[in-house]
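Subject: Structure handover

Hello,

Here is the structure I promised you. Please open it and keep it beside this email as you read.

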Amino acid sequence: ESAARLDEADAFYVGDARSHSRRLQDSAALRAQMRLAHGDLDGARQHIQAVLVVEGYPFSTKTAGLDEVLRAAAHIELQAGDAAGAERLASDALTVSSKIARTESSSADVGLAALLRAKALDRLGRAAEAVANATRAAEALHNGIGAGHPDTLEAESLLRTWREAGQ
């Protein structure tokens, strides 16, 4: 039913795709996340990559909302087991989010990108960098969306676990 509703919305927005490009981008990214949630990892990867190509990535990183799409792509790559791809996408998301944030230390977008990057770096065995990114994520998420938010709690939990392990 969700896909049918997105189809209806897209049919409306595509009539003036230039004015509604951000909504179409959001819809496409949501479709990729829906595929991931339904266990269609390959479909999710293909869909999010198509969104990135349409947005001109990696040649252009100036499209509004690209940081969200990059975070979704990084999440999908982590689920696919491609830590190097996830790290690259999360790094680019972090760069884009940092440029547009009013204050990096209180930006949820910066925090979410740093959290994704920390996870990817951990899987790549780059412990010190993972801890640094988790620290940045915990601070930005705590200040941006609050101490009790699940993403803040996840960043703090990872950081605590890694520190206890001597990383």
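Start with a pair of helices: the crossing of α5 and α6 is left-handed. Left-handed means that the near helix is turned anticlockwise from the far one by less than a right angle; clockwise would be right-handed. Helices here are DSSP runs of H or I, at least four residues long, numbered from the N terminus.

Before going on, two notes on the source. This is a predicted model: local features need pLDDT of at least 70, side-chain atom pairs count only at pLDDT 80 or more, and totals for chains, interfaces and linings use all residues. Residues are numbered from 1 along each chain as its sequence is written, and side-chain values use heavy atoms, with hydrogens and water left out.

Back to the pair. The axes of α5 and α6 come within 8 Å and cross at roughly 155 degrees. Axes are lines fitted to C-alpha atoms, for helices over the stretch in contact, and angles run from 0 to 180 degrees between N-to-C directions. The two helices are therefore roughly antiparallel, a term for angles over 145 degrees.

Residues of α5 that meet α6 include Ala86, Ala90 and Leu94. On the α6 side, Val110, Ala113 and Leu116 are among them. Contact means heavy atoms within 4.5 Å. By class, this contact has eleven nonpolar, three polar and four charged residues. Ala, Val, Leu, Ile, Met, Phe, Trp, Tyr, Cys and Pro count as nonpolar; Asp, Glu, Lys and Arg as charged; the others, Gly among them, as polar.

Next, α5 itself. It has 18 residues and reaches 25 Å from its first C-alpha to its last, close to the 26 Å expected at 1.5 Å a residue. The expected span is 1.5 Å times one less than the number of residues. Its buried residues include Gly85, Leu89 and Val96. Buried means under 20% relative accessible area, exposed over 50%, partly exposed in between (1.4 Å probe, protein chains only). The buried residues of α5 pack against α3, α4, α6 and α7.

Now α7, residues 127-145. Its end C-alpha atoms are 26 Å apart, which agrees with the 27 Å that its 19 residues should span. Among its buried residues are Val131, Asn133 and Leu141. What covers them includes α5, α6 and α8. Ala128 also sits in α7, but counts as exposed because its relative accessibility is 61%. Just after α7, Gly146 takes a positive phi of about 110 degrees.

Best wishes

Note on methods: Parallel < 35°, antiparallel > 145°, perpendicular 65-115°, else oblique.
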